[in-house]
Amino acid sequence: MKTLILILILGFNFAADAKSVSKADIETAKRHVAKLTEAGGRLTGTESEEKAAAYISTQLKEIGIRPWNSESYFHPFEFTAGTHLGKNNQFSVNGKDYQLDKDFRPLVFSGLGDFEEAGVVFAGYGITEPEGDKPGDNYDSYTHLDVKGKWVLIQRFMPEDISSEQRVKINAFASERSKVLNARQHEAAGVIFVTALDTIVKSQLIPLTYDSSTAHGSMPVISITSDIAEEWLNNMGKDWSAIQKKLDKGDFVMGFDIPDVKVSATIDLVQDKKTGKNIIAYIKGSTDLPAVILGAHYDHLGHGESSTSLAKGDEIGMVHPGADDNASGVSGLLLAAEYLVMLKNQNKFKPKRDVIFAFWSGEELGLLGSNHFVKTFDKKDLSEVFLANLNMDMIGRLRDSLVMQGIGSSKQWKSIIEQRNVPVGLNITMQDDAYLPTDAMSFYLFNVPILSAFTGSHTEYHTPRDTENLINYEGLAKTSKLMSLITRGLSMHDDALDFQKQARKKEKGTRGGMRAYMGTIPDYASDAKGVLLSGATKGSPAEKAGIQSGDLLIELAGTKIENIYDFTYVLQALKVGKTVKAKVIRDDKEVEMEIIPTSRQ
Amino acid sequence: MKIFIPIIVLLCTSCSQRNYQKSTFETPKPPPMSETTSPKDAELMTNISRLTFEGRRAGEGYFSADGSKIVFQSERHDGNPFYQIYTMDLEFGDVEMISNGVGKTTCAWIHPDGEQILYASTHLDSDALKKQKAEIDFRNSGKERRYSWDYDEYFDLFVNKGEELTQLTTELGYDAEGSFSPDGKLIAFASNRNAYNGKGGMSEEEIKLFELDKSYMIDIFIMNSNGSDVKQLTTERGYDGGPFFSPDGKRIVWRKFTEDGMIAEIYSMNIDGTDKKQITHEGKMSWAPYYHPSQKYIVFTTNKNGFANFELYIVDAEGNHEPIRVSNLEGFDGLPVFTPEGNELYWTRKKDNNNLSQIYRADWNHQVALQALGL
């Protein structure tokens, strides 16, 4: 406990040190990150997660903070770690069996069991866009089509050659899940996805990628190779290529029955259940006012087993140390716990509210730990339980400014942050959006104001190159200090925070229809006009084209880019394999380059 | 002497300076940058950041002697459109309201004991609440006047200590802009009390002028920290205000306006009013002087670069050298203070007409400042 004493002494000298954090803080931050990355890739449900959890709990014990709501710091939760194919998968056409993984494969969210023989209807891209102002003007693959009790044969993705406006409109309804939902609303018996002829893809069969939404539907959903579907259409005298050309132009193509094809299937998927654990400690407040909960996830990607790993080439399968994501946040959370306990012991911190410190697991697999936690309260609204959730996810790469996300979740955040930043003196960029891909969202969805600290994305994100030597420890410690002071302030006052519900931006984050892949890494912290890139993913089209860290993307495919939304919009409109011009500003000069997007799936 | 009828355009409030009087001619364009600037401009002030207190306006931040807190005024109290006095603890950012929420307040200063807080307030004015309501109604009407300071004659000086509030001055007239001496025994302040008590000896012309501009009769006073033994230190017509003690407590620095209110220069004097010395000779509006804790130089603001473009300058304490430009920022930069260690500079900044004033800070390089001033 040498560091504690040192901080205590420095504490009296705060005039000089108020704005900077102490050397001891920085050393402590470093030690935490080193220990956590040493533990390995910290994939939830593995031994590496255990090791990290053991380290964190030992630290909490040493800090002298009590376990929350239990004798133990650990709060285990069961989750589905993945799905594998069972032994009994079958796909038969007119009594002929096809080969699993070669000719067909169930989708991960398919219904399970035996599905009796039924006919097949071709339904183009299988997209129904809701009716707009003018009835009948919407895109609808099911016009005049009766699919009741039959399998629908649906092409993957969406029309390739339509205008970008149309593309963006349809995009939200083009994901596999949307299409299956749509088929179910049309009372189909099942869905057969097929890759249209001449479509560039990595694999014609949709991979059995586990995406954390565990629920199996009732409807069987499989993908088959183009050959099988082509044979069906050829046999009935249809020219698939011609149909495809029309479809891709966005022209209406009436769906049709495929006579003489009867399909039956047995779907057998087995979920792998595992256990992860949240680690939760707290400082008790003097009242039972709603608590302040400060969190950070400690899990990461292991060896990159999940689809969110961005490892390329030689890196594939290597340990993903996740120094920034999110050993940095855990380090910050431990510092915060240590600091606030110390202040409490010095009588400088008299919390009215409980202050809960939560180290989440399963974040990388889909916010599992925080999600499990909020659901244990069995309430739809947690505003009576929690005043606010503060979150630290990726706080190790402070460059120009700290990004405070979720500002729009309460009107008070701006002034609270400004006030508590006075002793810290960080440059802060505030972002309103509260629908964040981090644990804070689990709370936001239960009407709790959130605030998430983030120091920006980078080229090492989700790769084995996210290592401890790249961490800005002073920035980490300052970020932790700011979050600690905000927590301290909130927990000492009775004042409630008003909760602001935001409209969710349309299908943000789903990339159902996004086909083209460029591999640029936007710097979300930037508020420059254009999209500042912190680099390009290794081996990606953007890297091959020569995109560098610090490039400000201002034009793509002839469209001016002013912000990330413009960029997403244009990306959705790009065609795989078709060269586009990109214009960036680099060292105050405009640089042009050509990028050839590849297929995302 | 030809007397201007001044149009008062207040850009910012100040214990150090209240009025900018603008004649009817157009604002001159800033002259080309030909004057002395620091060769190491960027190195004097680094890591500029905005403290950004909430509220409509915030300003006049002054440190406690140990640097652990700052006292400031801000318009943020519900139901009162005027400034109230707050402290902010600089270790945690805790903000505490010091004044009682009634009336107008301004110009606070923390006693070296860290507990007593001196400020000026009109809360004893029986019309205080009426004035609040009038101002709120005015603002709700959608109009926004250019900021004006009215030198309310009910301003008196008070000292707050914990729950206790002690009144130090009782005379009619504006008593404000107070600060403690470094040993806490004395208070320097500004007052136009002589215009009300008949001691001013004003001519009829002057009485008319005073009606237009209450600052015309403001002079510097000094008294004991309990309010006893009040002595007048300046007597000349025109606004003398914004007095601060030197770090050794032997001198007072202030800014002195010409009678017509068109020009202000920085002066210093002994605390008994002797040895008055003009420090700047810019012929513009130079004001808000504040000593560096080394006492070697004074930071102030001046509009020599354009009427509304106030910039921070430093000048050696004796006024022997040309002032050196410190800031080079758009908009108003004024009311500078150093931290007690002298390694940081805080000031009030109003970026443009769309922004109200807020407090900014920067790291201060004392060595570069000494070099630049040839000290």
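A residue is called buried if 20 or more other C-beta atoms lie within 10 Å of its own, exposed if 12 or fewer do, and partly exposed in between, with the C-beta atoms placed from the backbone. The structure is a predicted model, in which local features need pLDDT of at least 70 and side-chain atom pairs count only at pLDDT 80 or more, while totals for chains, interfaces and linings use all residues. Residues are numbered from 1 along each chain as its sequence is written, and chains are lettered from A, with ligands numbered from 1, in the order in which they are written.

Helices (H or I, at least four residues) and strands (E, at least two) are DSSP runs numbered from the N terminus. In helix H8 of chain A, which spans residues 240-249, A:Trp240, A:Leu247 and A:Asp248 are buried. Because these residues cover an arc of only 95 degrees around the axis, they lie on the same side of H8(A); the arc is that of the directions from the helix axis to the C-beta atoms. The face of H8(A) turned away from its buried side carries the exposed residues A:Ala242 and A:Lys249. The buried residues of H8(A) pack against helix H7 (226-235) of chain A, and just after H8(A) comes A:Gly250, with a positive phi of about 90 degrees.

## A hairpin of two strands

Strand E23 (residues 580-586) and strand E24 (residues 589-595), both of chain A, pair in the antiparallel sense over seven bridges, where pairing requires that DSSP finds at least two bridges between two strands. E23(A) and E24(A) form a hairpin with two residues between them, and A:Asp587 in the turn has a positive phi of about 50 degrees. A:Arg586 stands opposite A:Lys589 in E24(A).

## Domains of chain A

Chain A is divided into domain 1 (2-78 + 273-492), domain 2 (88-267) and domain 3 (516-599), with bounds that come from an automatic or database domain assignment. The C-alpha centres of domain 2 and domain 3 of chain A lie 32 Å apart. Their contact takes eight residues from domain 2 of chain A and eight residues from domain 3 of chain A, where two residues are in contact if their C-beta atoms, placed from the backbone, lie within 7 Å.

## Where chain A meets chain B

In chain A, 15 residues are in contact with 16 residues of chain B. Helix H2 (14-17), helix H11 (413-421) and helix H13 (473-492) of chain A each supply at least two residues of the side that touches chain B, and H11(A) gives the most to this side, with four residues.
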